[in-house]
Amino acid sequence: MRTVLVTGPGGAGRTTLAAATALAGARRGVRVLLLATGSAAPEAVLGCRLAADRATEIAHGLHARRIDPADRFRQEFLAFQDRAGAALDLLGAAPLEEDELTELPGSEAFALLHALRVEHESDDWDTVVVDMPPAAETIQLLALPAQVRRYLRRLLPPERQAARALRPVLAQLAGVPMPAQKLYEAAERWEGELAAVQRVIDDPGTSVRLVTEAGPVAAANLRPLRAGLALHGRRTDGILVNRLLPTGSADPFLAGLSGSQQSALKALREEFPDLPLHEVPHLGRDPQGTEELDELIDGPAGEIGEVRPAAGNLDPWTVEDRLADDGILVWRVPLPGAERDSLGLVRRGDEIVVSAGRFRRIRTLPSALRRCTVSGAGLRDGVLEIRFTPDPGLWPQSH
């Protein structure tokens, strides 16, 4: 199954082009689901109300569903409260009722990831198109499962669950379930859920599509976003350039705007020569309903719904063995769009922290590199090469 995550800088028409991408796919005979957040924008674009508990048919082959973060938060909180009931009673805590629960900041991210996993496992669709938050938030959201799993492993490492067989006995003696046991059980459930979500995100059929307008700073705005996506192993499969004016207008004002857009298009092609660039026309209004979306994807713009063969994500980072020639190992990190001055690198025990602008990723070193010291790094042709030199005290000696 293909999963297309549509995002971009705010104000570029992201929601409209997510809907257009989904409709274009359906027009090609593909079963498509559009997943939208709880805002009113997707409903305005599609011209109909969306349900949160089921997919609504929009057109032949196209369904859409609205994600309700408040409902998902209430379900999860009440389930947690029920599981932790004995421990809460022990503390004298009063349980919260469903009608007094309001979602917390960050609930929408978890609700979106959960919905993506559920729909991916349903096998009802050939393609799922997701109207994602703005790009910077999307990068952090897609990194969330791996980050939370790392926190769980550090705070509740499975190897420390000593004497698990004794806990039921201790619970009977104490008269209440042991909190530590409940904590580890909750951690196991969270680990399973997060691992399932991460499999969807890491699937070779999952890609990110960037939406932008053809402005003077379009290339500069997208450059760090693509680097941030690549840092976390996310594959960018194309750029949608929205609201393009026709060329050759007799009106000097429109001709000037169109000329500026064409200059921006040229800059985008030069900046991202490896990515398909889809030009989407300006209709002179904000499209509403499938008929107007059809106008938007008429002609070459209809290619945005094409289902391409999965090309794989940018992970895993690869280790190149140069021991025989140079006495080093090189960890190659694909970072298209990254700039040398924005990169940061810190070794911390068996982990390495790589930063690209405002985005950061922590990776555990492969076993061979743990016995090495970092001897340098350099950015070449969009790839960060981290050089490791074997530590004589830790590296096996040949005789």
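**Figure 1. Strands β14 and β15 of the predicted model pair in the antiparallel sense.** Strand β14 and strand β15, the latter made of residues 383-390, are joined over 8 bridges in the antiparallel sense. The model shown in this and every other view is predicted. Within this pair, T373 stands opposite T389 in β15. Both strands belong to an open sheet of 4 strands with the order β9-β10-β15-β14, in which the pairing is antiparallel. At the edges of this sheet stand β9 (318-322) and β14 (372-380); each has a single partner strand, so one side of each is left without a neighbour in the sheet. From one strand to the next, the twist averages 25°. Strands of a sheet pair through backbone hydrogen bonds, and the pairing may be parallel or antiparallel.

Figure 2. Most residues other than glycine have a negative phi. D381 is found in the loop that lies between β14 and β15. Its relative accessibility is 77%, and because a value over 50% counts as exposed, D381 is classed as exposed.

**Figure 3. An open sheet of 8 strands has mixed pairing.** The strands of this sheet follow the order β3-β4-β2-β5-β1-β6-β7-β8. Its edge strands are β3 (56-59) and β8 (277-281), and each of them pairs on one side only. Neighbouring strands of the sheet are turned by 25° against each other on average, with direction ignored. The protein chain that contains this sheet has 13 helices and 15 strands.

**Figure 4. Strand β5 pairs with β2 and with β1.** In the order of the sheet, β5 stands between β2 and β1. Strand β2 (residues 32-36) and strand β5 (residues 127-131) pair in the parallel sense over 4 bridges. On this side, L35 has V130 of β5 as its bridge partner. Strand β1 (residues 2-7) also runs parallel to β5, and 5 bridges join the two. Here T3 stands opposite V128 in β5.

**Figure 5. Both faces of strand β5 are covered.** How many of the 5 residues of β5 are buried? The strand is mostly covered, with 5 of its 5 residues buried. In a regular strand the side chains alternate between the two faces of the sheet. In β5, T127, V129 and D131 lie on one side, V128 and V130 lie on the other, and all of these residues are buried.

Figure 6. R14 lies in helix α1, which consists of residues 14-27. Is R14 buried or exposed? Its relative accessible area is 17%, and because a value under 20% counts as buried, R14 is classed as buried. The side chains of R14 and D131 are joined by a polar contact of 3.4 Å. D131 is itself one of the buried residues of β5. Leaving aside residues up to four places away in sequence, R14 touches V6, T7, G8, D131, M132, P133, P134 and V211.

**Figure 7. Helix α9 is mostly covered.** Of the 14 residues of α9, 11 are buried. The buried residues include A218, A219, L222, R223 and L225, and also R226, A227, G228, L229, A230 and L231. Helix α9 comprises residues 218-231, and at 1.5 Å a residue it should span 20 Å; its end C-alpha atoms are 20 Å apart, which agrees with that expectation. The helix is followed by G233, whose phi is positive, near 80°.

Figure 8. R243 lies in strand β7, which covers residues 236-244. The phi of R243 is near 60°, a positive value in a residue other than glycine. With a relative accessibility of 23%, R243 counts as partly exposed.

**Figure 9. The protein chain as a whole.** The protein chain has 399 residues, of which 45% count as buried. Its accessible surface comes to about 20,100 Å², and 52% of this surface belongs to carbon and sulfur atoms. Among the contacts in the chain with a separation of 6 or more, 70% are accounted for by residues 24 or more positions apart.

Definitions and conventions
Residues numbered from 1 in each chain as written. Heavy atoms only, no water. Pairing = 2+ DSSP bridges. Axes fitted to C-alpha atoms, helices over the stretch in contact; angles between N-to-C directions. Buried < 20%, exposed > 50% of the residue type's maximum accessible area, 1.4 Å probe, protein only. Contact = heavy atoms within 4.5 Å. Areas by Shrake-Rupley, 256 points an atom, 1.4 Å probe, with all protein chains shown as cover. Expected span 1.5 Å × (residues − 1). Polar contact = N/O pair within 3.5 Å; in protein donor to acceptor, adjacent residues only side chain to side chain.
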